[in-house]
Amino acid sequence: MADLRKPALSGAGASGEGDVALASPRRVLEVPVWRVRLRLLWRSIKVNVGLFAENPIGLVGLAIIVLFALMALAHPILMATVWDRNVYDPVVGIDVTLAEFPSPPTAAHLLGTDPLGRDILSQLMWSARSEFILGIVAALVTVVIATVVGAMSAFYGGVIDTLFMRLADIIIMTPYVTILIVMSALFDVGLFELAIIIGILAGFGATTVIIKSQALTVKVRTYIEAARVAGGSNFHLIFKHIIPNLLPLSFLYMMFTVTSAIFSEAVLSYFGLLSIRMSWGLMIHTTEYSGYLLDIAKWWLIFPASLSITALCAAFYLVGRALDEIVNPRLRKR
Amino acid sequence: MAENVLRVEDLTMHYTTRAGEVSAVDNVTFSLAKGEAMGLVGESGCGKTSVATTVLRLLPDNGKILGGHIYLDGTDLVALPEPEMRKVRWRRISMVFQAAMNSLNPVYRVGDQIIEALETHLPGLSIAENRARVEELFKLVGLDPKLMDQYPHEYSGGMRQRAVIAMALSCNPDLIIADEPTTALDVIVQDNLLREMTELQKRLGMSMLYISHDIAVIAEVSDRMGVMYAGRLAELATTVEIFKTPIHPYTIGLMSAFPSIVGAKRELATLPGEPPDLLRPPSGCRFHPRCPFGTEICTQQVPEFNDHGSGHFAACWHPQRSA
Amino acid sequence: MPAEPLVSVQGLQKLYPLTAGLFKTTRSFIHAVDGVNFSIPAGESLGLVGESGSGKTTTGKLLVRLTDPTTGHMYMALNGGKVDISTLRGKELKVFRRHVQMIFQDPYESLNPRRTIFDTIAEPLEVQGIGDVVEREHRVAELLSMVGLAPPETFLFRFPHELSGGQRQRVAIARALIVEPTFVVADEPTSMLDVSIRTGIMNLMQELAARLGVTYLYITHDLAVARYMSNRLSVMYLGKIVEMGDTEELLRNPLHPYTKALLSAVPVPDPTLPRTEPDIKGSIAKPIDPIPRCRFFDRCPIAQKVCENSDHPPLVDKGAGHLAACYLV
């Protein structure tokens, strides 16, 4: 039974042709490893983007995000070209040609002006940038903290685990708005400070518990044992094996943190507790402060800002849900 | 000649996946006589479990029967509408799945689960009558009837398997399909269970279809056996016949690759390559890429499933006459 | 001339505490490995067989120090001297890992799905700081050819999900052998593979063992496979070795009643060969706080008073290197 007719080239079949040249061994090994890794990374990005694009929920969310991003980018352009700085500045601009403020939408002021004479559309667009910065900084802080803490808690167990889990319990139990209010009483909380605080709270709070539970499932996998037998140190196991398997989940929760951050900022600004110059929440605060909150006739004072908050929060949430289906293949519809 | 309780004719079934159509079962034909124990042997992906789920019409959403017939005592199950099929399942054909631990619901008592099956398929009996039947079944499979009121986690692996067999027997089916019934069990427990299943089968005169990847198990429990490869039946004959004079090169290869603790220690043959991808199966005979006897015709034409004498079927262009 | 064995194990014991009660008082212990002695000469292959709960997998894990023994010692002849590997720590432990490796049972689980085949096989080199990236690449390609995954370039930067079970197991073997270990523990490496693939892997392992001079401990529940992969066999039951000896001799002439029962329970791929029913009663218990008597007493068909009244019989040479732990044979 020794004679082979056609040695079956199993598994090599359809996938993966063209990525690594099938030339002589020496030739192929001359392609530097980092180049190959880059190519593999690119391939995996393409695959994931493809998966993401199949989900209409994610695409809608992404579209909204892109819309607001464009708004944020368009603002400085408009300020430099079409808009008169004195009139359209979101914080100190004022239109002296108008008789009374707030004034309804006109050709010059597409969304009207606020009680202080500032253009609403300009405020909206300018704030979009801050909201993004806030959201992304908070999300990054959360993800870094939650991933490292979650992985360490799961890996080491014992005292470290107890410590971080109890900390998480305390944070989850405490209404975070209260914490933020107290903080703003203690020191000046601007946008950046707020982002860091939210990031830390979320990072040591619920997110870390979720990531830790995922890390626990990774920790008991056989390939971790195999890595240990190969001689891997704890550091190697955590950072080269466990954390890479946590990243999809971390990335997912980043989206939810952005939502939470934007919303928290809106709430705090509404109460006038933040030291920021302009934001959507602050726009609503200005409306309230001037007594126009319940004045539906002056809809442009509330709706643009609150709808923007809702829309951007929802957008990130939808993207998060779409990512969830990629990260958890079981949620996929087939 | 005993009449056939099951006759499968040219059964073909595909799974539709993202990547394409998977040809899981292709023109499979065999029959099972009343009171007979038949084995279906093959490696993973050969289609043996697919045949079982197709016979029971328990295909997932993406599975579709493309052709063929499944005659259960004359009725074609392929054409049967679902409500009718529901009456057939469990009452006429029942199945013992692999890893029975997963077939038992952990939050219900084992006895209650069997009673539920009875109530669903044989309604009209009182609780007392059903309980009596469960006791009877437990004794039949070698379980202490007192265990009826315990939960699955309180049972050992072997006991759980027996409970699942009891469930399969509960409605007095004509045919039981056992898919790898002992794979997850220790060897001594496996031996025990196989002996009891064989004895039970003979005593009740039941027909059984055993599915396994282990030819030793099939050798011991089945009167007839079929060897499946890549969705097709390679060979079909009585067990003794197949072991004595295997015809299909795959069967020969499989047997010489199987280590045994009895007899002289011989060198184990290796089968080169791997089982084919059923998304793009090889043309002609699906075994040709690995077959040492393959020729031109094997790559072009699907070999016919012919009788090579006294009911010994094989699908090969170069059947091996000697053992 | 009897050379120092490569591996020798004395009184090896691994206990797992069972916590019970509201105050988490530890009263009971699972005796997973309960006082095991054996030695393996260099170049040999010892098969460790047993059913679930026998302690064979735990023994394997102890030998590669994936878990630490509760008591007892494991010695290995490394670098010319006899080293007690039971208590190694830190740097010494890392060096130890260059000499002892493991092949795991599940080819689908023992490879990290996010790492390329290159990364997986090169990992031992990476963590031990051997060679630079280019050298590692060459070495990995060499190993890939050695385990039959050729041409190596097509496999280097694949991911595990692109390979079949048999191919993955070859990768696992390559990973175990890349640091040129002297001793490899193989924990049921073929039990999750198809039969036609299994023999290929088995032959590969034997061929590599001969070529590279590797000593094996082959753990399996399948006696037929153990027959082919080992020249000496030891049978475990509830954490103890009950019989040990030359493979063919043991299979031909089993002494311990458990071995006899085990052998008679294995199905034979020959429908014409009748098989006697295994002479054993009851079922396996969990090795929790075992009573000091022969562990096999409650299932043994030939048990006598002496078996109940004395502690578990020691493993004694019954002639020509065939050891059995039984008072009655």
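**A helix pair, an interface and a chain**

In this predicted model, helix H5 (residues 120–156) of chain A packs against helix H11 (residues 234–270) of chain A at an angle of about 145 degrees. The axes of H5(A) and H11(A) lie 6 Å apart. The crossing of H5(A) past H11(A) is right-handed. In the contact between H5(A) and H11(A), 18 residues are nonpolar, 7 are polar and 2 are charged.

Chain A also touches chain C. The contact involves 28 residues of chain A and 33 residues of chain C. On the side of chain A that touches chain C, at least two residues come from each of helix H1 (25–28), helix H2 (33–53), helix H10 (222–229) and H11. H10(A) gives the largest share of that side, with 7 residues. Sorted by class, the side of chain A that touches chain C holds 15 nonpolar, 10 polar and 3 charged residues.

The next part concerns chain B taken as a whole. Its secondary structure consists of 10 helices and 12 strands. The C-alpha trace of chain B spans about 65 × 50 × 45 Å along its principal axes. How does the radius of gyration of chain B, and what would a compact globule have, work out for 323 residues? A compact globule with 323 residues would have a radius of gyration near 20 Å, and chain B, at 20 Å, agrees with this.

Burial and contacts describe the inside of the chain. Of the 323 residues in chain B, 50% are buried. Among contacts in chain B with a separation of 6 or more, 65% are between residues 24 or more positions apart.

Note on methods: Residues are numbered from 1 along each chain as its sequence is written. Chains are lettered from A and ligands numbered from 1 in the order in which they are written. This is a predicted model: local features need pLDDT of at least 70, side-chain atom pairs count only at pLDDT 80 or more; totals for chains, interfaces and linings use all residues. Axes are lines fitted to C-alpha atoms, for helices over the stretch in contact, and angles run from 0 to 180 degrees between N-to-C directions. Helices (H or I, at least four residues) and strands (E, at least two) are DSSP runs, numbered from the N terminus. A crossing is left-handed if the near helix is turned anticlockwise from the far one by less than a right angle, and right-handed if clockwise. Ala, Val, Leu, Ile, Met, Phe, Trp, Tyr, Cys and Pro count as nonpolar, Asp, Glu, Lys and Arg as charged, and the others, Gly among them, as polar. Two residues are in contact if their C-beta atoms, placed from the backbone, lie within 7 Å. The radius of gyration is taken over C-alpha atoms; the globule rule is 2.2 Å times the number of residues to the power 0.38. A residue is buried if 20 or more other C-beta atoms lie within 10 Å of its own, exposed if 12 or fewer, and partly exposed in between; C-beta atoms are placed from the backbone.
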